[in-house]
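The following exercises concern one protein chain.

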Amino acid sequence: MNANLPAPVAPSIFSRLPAEVFRLLATDSRELMWELLVVLHDTFFGPDATQGEESYLRRFIIGEIERFLVAAEGKRSWNSEEGWSPDTPLNVRANQLLDRLVATGWLVEDTEGVRKLIAMTPTMQKFLELLMQYAEEGPKLVGG
């Protein structure tokens, strides 16, 4: 082996994913954030999504997040990092969560005229599907 050649460098996952993507799953509320991502993926962005579009009006996504928050109310509480007081209105919390999903790169927001559209890029769809598969099946064991 030639000592003058640099060692091969493995491709970086950070060159393919948004810089803040893991921040969402590294909080005290990570379980609820994971559940929210799965619900949004299954409802809007996954291969078996009930809606079947590429992007959605922001208000539709907000409505789904509000439904999720109401359903999750009794399960577990969101931690104080969300910055909510007990009397924070539901729509404010839903908008803050959507803004956080956009800021961390899980979703993208685009403006078309006066309409605000929300989408999940194909890269993030595939990444989330891989994470969901890992959560359901565990690691792949390869043997020879």
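**Exercise 1.** With which residue does Glu73 form a salt bridge, and how far apart are the closest N and O atoms?

*Solution.* The model is predicted, so local features need pLDDT of at least 70 and side-chain atom pairs count only at pLDDT 80 or more, while totals for chains, interfaces and linings use all residues. Residues are numbered from 1 along each chain as its sequence is written, and side-chain values use heavy atoms, with hydrogens and water left out.

Step 1. Apply the criterion: a salt bridge is a side-chain nitrogen of Lys or Arg within 4 Å of a carboxyl oxygen of Asp or Glu. Glu73 meets it with Arg93, the closest N and O atoms being 3.6 Å apart.

Step 2. Locate the partners. Helices here are DSSP runs (H or I, at least four residues), numbered from the N terminus.

Step 3. Compare the surroundings. Buried means under 20% relative accessible area, exposed over 50%, and partly exposed in between (1.4 Å probe, protein chains only). Glu73 is exposed at 53%, whereas Arg93 is buried at 13%.

**Exercise 2.** How many salt bridges does a search of the whole structure find? Describe further examples.

*Solution.* Step 1. The search finds six salt bridges.

Step 1. Among them is the bridge between Arg67 and Glu64, with 3.1 Å from N to O. These two residues are three apart in helix H2 (residues 58-72), which separates them by about one helical turn. Arg67 is exposed at 51% relative accessibility, but Glu64 is buried at 14%.

Step 2. Another joins Glu20 to Arg23, with the closest N and O atoms 2.3 Å apart. Glu20 is partly exposed at 31%, and Arg23 is exposed at 52%.

**Exercise 3.** Where is Arg58 placed, and is Arg58 buried or exposed? Describe its partners.

*Solution.* Step 1. Arg58 belongs to helix H2 and is buried, at 13% relative accessibility.

Step 1. List the contacts, meaning heavy atoms within 4.5 Å. Apart from neighbours within four places in sequence, Arg58 touches Asn95, Leu98, Asp99, Glu109, Lys116 and Ile118.

Step 2. Look for a polar contact (a pair of N or O atoms within 3.5 Å; within protein, one must be able to donate a hydrogen and the other to accept it, and residues adjacent in sequence count only if both atoms are side-chain atoms). The side chains of Arg58 and Glu109 have one of 3.0 Å.

Step 3. Through salt bridges with shared partners, Arg58, Asp99 and Glu109 form one network.

**Exercise 4.** Which residues of H4 are buried, and why do they line one face of the helix?

*Solution.* Step 1. The buried residues of H4 are Met124, Phe127, Leu128 and Met132.

Step 1. Viewed down the axis of H4, these residues fall within an arc of 135 degrees, and therefore they line one face of the helix. The arc is that of the directions from the helix axis to the C-beta atoms.

Step 2. On the face turned away from the buried side are the exposed residues Pro122, Tyr134 and Glu136. The cover over the buried residues of H4 includes H1.

Step 3. Just after H4, Gly138 has a positive phi of about 80 degrees.
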